[in-house]
Structure formats: structure tokens, C-alpha cells
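Reader: I would like to know how the labels used for a structure follow from the values behind them. Please take me through a few.

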Amino acid sequence: KALAEAHGTDVEHLGIRASFTAEIKMPMEDDPEHPMRAVEIVISTDSPDRDRDIIAVDGWDLRNYRRNPVVLFAHDYYSLPVARGENVRAEDGKLKATAKFVPADIHPFAETVYRMLSGGWMNAASVGFRAKKWQYNEERRGVDFAEQELLEFSIVPVPANAECLVEARAAGVDVEPLKDWAEKTL
């Protein structure tokens, strides 16, 4: 309740985002009929996050997500998705998914995101969800989410090194779409 009040809403309208350092398996084989690249990614765990919150892996409701399986960049709900989320599942105490990226000729920005991942310059994911059942944990001073609906997941940058874009450019990654996005968003 304290969390909902702090956001000026009730629990039913509380949308949450939680970020994780992703475990990424790169690259998966391309499908010759559909030139999309796929990345296997951990999108959530039940470990306490930086806000001291815990999201129960077995509490995910994926039904609606599977009907609209978008993967965004940085939770940007106003831009086109960069990938489609497939095979979202709880496995080994983690919520995992496969992100199949949009072909470069259709969405150049998606290609930039994919190449930043495959080059190792980004390796983080974040979930956007609607809390369904939760309680505040006084001891940890965070929220224990027991049931939640996945709305989307995003590939997100963690700018620990300000020179990553320079390194990416040196490796032949076209960062112009990323710069365009940043200028438009910021």
C-alpha cells in the first residue's frame, strides 16, 4: 500500500519496472527464411534488486504477454519494438526468454541494439509488469511481489563505461540510430 500511495495510485494501476544484469547467450543461429537474430536472455530472477524488491519467478502471469510479445529498448512505449519475445519461461529459478530481433532492413535501430548486445557493449534486461499480489517487507525495506503480469521486457543500457559508444563505433557498429533515439527521447 505504501508503494501505491507513494506513486499516487492504487495497486491495480501500479506498473513497475525492474532491471537485472542479463545472462546472454550469443549468437543463436539465424533462420535462413527469416533473417532475424535471436538472443537467449534472463529477464528476471527472485534475488533482491537494487531497490530491495523481490519478484517471485513462479508468480509470473504470461498469458497476455504471449499475445503481444514485444521487446522494447529502455521501456520506450512510444517507439517500435526492437524484437519479439519467444519461449518465455521459468527455468532454474529465473525467468528466461528468447529475443528475436527485427531485421536491419526493416528497423535499423533494432539492428544497432542487437549489435550492441552481440558485441558485449550492453548486457542488461528489465521487465515492465503490473503488480497483482505483493506486500512490503519491513526487514528488507523492499517489496515482495508474489504475483505479477508481464507487460514487456526491454533491453537496457548500463552506462558503466562512457566510452562504450566509441568502442562500438571502432568495431563497425553503426551507433547513429542509438544517438537519434537518445536525442528524441532525452
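Author: A74 has a relative accessible area of 26% and is partly exposed. The model is a predicted one.

Reader: Why is A74 called partly exposed?

Author: Buried means under 20% and exposed means over 50%, with partly exposed in between. A74 has 26%, so A74 is partly exposed. A74 lies in the loop between β6 (70-73) and β7 (83-91), and its phi is near 55°, a positive value in a residue other than glycine.

Reader: Why does Y77 count as partly exposed?

Author: The relative accessibility of Y77 is 44%, so Y77 counts as partly exposed on the scale where the cut-offs are 20% and 50%. Y77 is also placed in the loop between β6 and β7.

Reader: Which residues form a nonpolar patch with Y77 on the surface?

Author: Y78 and L151 form the patch with Y77, and together they have about 400 Å² of accessible area.

Reader: What makes β6 and β7 a pair?

Author: Two strands pair if there are at least two bridges between them. β6 and β7 have 2 bridges, in the antiparallel sense. V71 stands opposite A83 in β7.

Reader: How many bridges join β7 and β8?

Author: β7 pairs with β8 (residues 94-101) over 7 bridges, in the antiparallel sense. E86 stands opposite T98 in β8. The hairpin of β7 and β8 has 2 residues between the strands, and D92 in this hairpin takes a positive phi near 55°.

Reader: What is the phi of N87?

Author: N87 has a positive phi of about 50° although it is not a glycine, and N87 lies in strand β7.

Key: Residues numbered from 1 in each chain as written. Predicted model: local features only at pLDDT ≥ 70, side-chain atom pairs only at ≥ 80, totals over all residues. Heavy atoms only, no water. Helix = DSSP H or I, 4+ residues; strand = E, 2+ residues; numbered from the N terminus. Buried < 20%, exposed > 50% of the residue type's maximum accessible area, 1.4 Å probe, protein only. Patch = residues over 30% accessible without salt bridge, like charges linked within 9 Å, V, L, I, M, F, W, Y side chains within 5 Å. Areas by Shrake-Rupley, 256 points an atom, 1.4 Å probe, with all protein chains shown as cover. Salt bridge = Lys/Arg side-chain N within 4 Å of Asp/Glu carboxyl O.
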